[in-house]
Amino acid sequence: MFLARHNCRTPHAARRVCQQLIRQAQQLLDPLILLRHIERALAERGERVLLVETSSLPSFEHTRAFYSKSGYDEEARIRDFYQAGEDKVVFRKDLQDKDWSA
């Protein structure tokens with residue numbers, strides 16, 4: 001759709017279009033932007049709470065930190081859920097606390 005609206009006859013124009021498409025793709029691939037999009041869509045549907053589940057393994061520390069930094073609270077931990085020594089960690093976010101009009 002972006003390409004259809006722009007004149008790409010010159011190499012400079014094509015380069016600019018490609019740079020813009022790359023920026024747009026990077027935004028779409030940004031996990032925080034994607035998460036905010038999901039939160040907003042759910043809130044607009046009237047959903048009140050979003051729960052996300054992950055593992056307690058050290059290899060998932062980055063994931064748990066991401067949710068914590070994104071405003072989620074650890075709501076529950078089910079010990080040995082996946083296997084012995086690997087808990088299920090449930091994060092919770094209240095979707096009604098945010099002003100989605102911005």
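Two rings of Phe, Tyr or Trp (its six-membered ring) are taken as a pair if their centres lie within 6.5 Å, with planes under 30 degrees apart called stacked, over 60 edge-to-face and the rest tilted. By that rule, the count here comes to 4 aromatic pairs. In one of them, the ring centres of Tyr67 and Tyr72 are 5.4 Å apart and the planes stand at 70°, so this pair is edge-to-face. The model is a predicted one, so to speak of local features takes a pLDDT of at least 70 and side-chain atom pairs count only at pLDDT 80 or more, while totals for chains, interfaces and linings use all residues. Residues are numbered from 1 along each chain as its sequence is written, and side-chain values use heavy atoms, with hydrogens and water left out.

On burial, the terms are buried for under 20% relative accessible area, exposed for over 50% and partly exposed in between (1.4 Å probe, protein chains only). Tyr67 is buried at a relative accessible area of 16%, and Tyr72 is also buried, at 3%.

Phe81 turns up in several other places. Its position is in strand 2 (residues 73-83); strands (E, at least two residues) and helices (H or I, at least four) are DSSP runs numbered from the N terminus. Together with Ile78 and Tyr82, Phe81 makes a nonpolar surface patch of about 280 Å². Such patches take residues with over 30% relative accessible area and no salt bridge, joining like charges within 9 Å and nonpolar side chains (Val, Leu, Ile, Met, Phe, Trp, Tyr) within 5 Å. The areas come from the Shrake-Rupley method with a 1.4 Å probe, and for residues only the protein chains shown count as cover. Phe81 also has a charge over its face, as Lys88 lies 4.0 Å from the ring centre (the rule asks for NZ of Lys or CZ of Arg within 6 Å of the centre and within 35 degrees of the ring normal).

Lys88 has a salt bridge as well, meeting the side chain of Glu53 at 3.3 Å, N to O. This pair links distant parts of the chain, with Lys88 in strand 3 (residues 86-94) and Glu53 in strand 1 (residues 49-55), 35 residues apart. Lys88 is buried at 10% relative accessibility, whereas Glu53 is exposed at 52%. A search of the whole structure turns up 7 salt bridges, each a side-chain nitrogen of Lys or Arg within 4 Å of a carboxyl oxygen of Asp or Glu.

Two others sit inside helices. In helix 2 (residues 31-44), Glu39 and Arg36 are 3 residues apart, about one turn of the helix, and their closest N and O atoms are 3.0 Å apart. Glu39 is buried, at 0%, while Arg36 is partly exposed, at 27%. In helix 3 (residues 61-69), Arg64 and Glu61 are likewise 3 residues apart, about one turn, and their side chains meet at 2.7 Å, N to O. Arg64 is buried at 11%, and Glu61 is partly exposed at 43%. Finally, salt bridges with shared partners join Arg36, Glu39 and Lys93 into one network.
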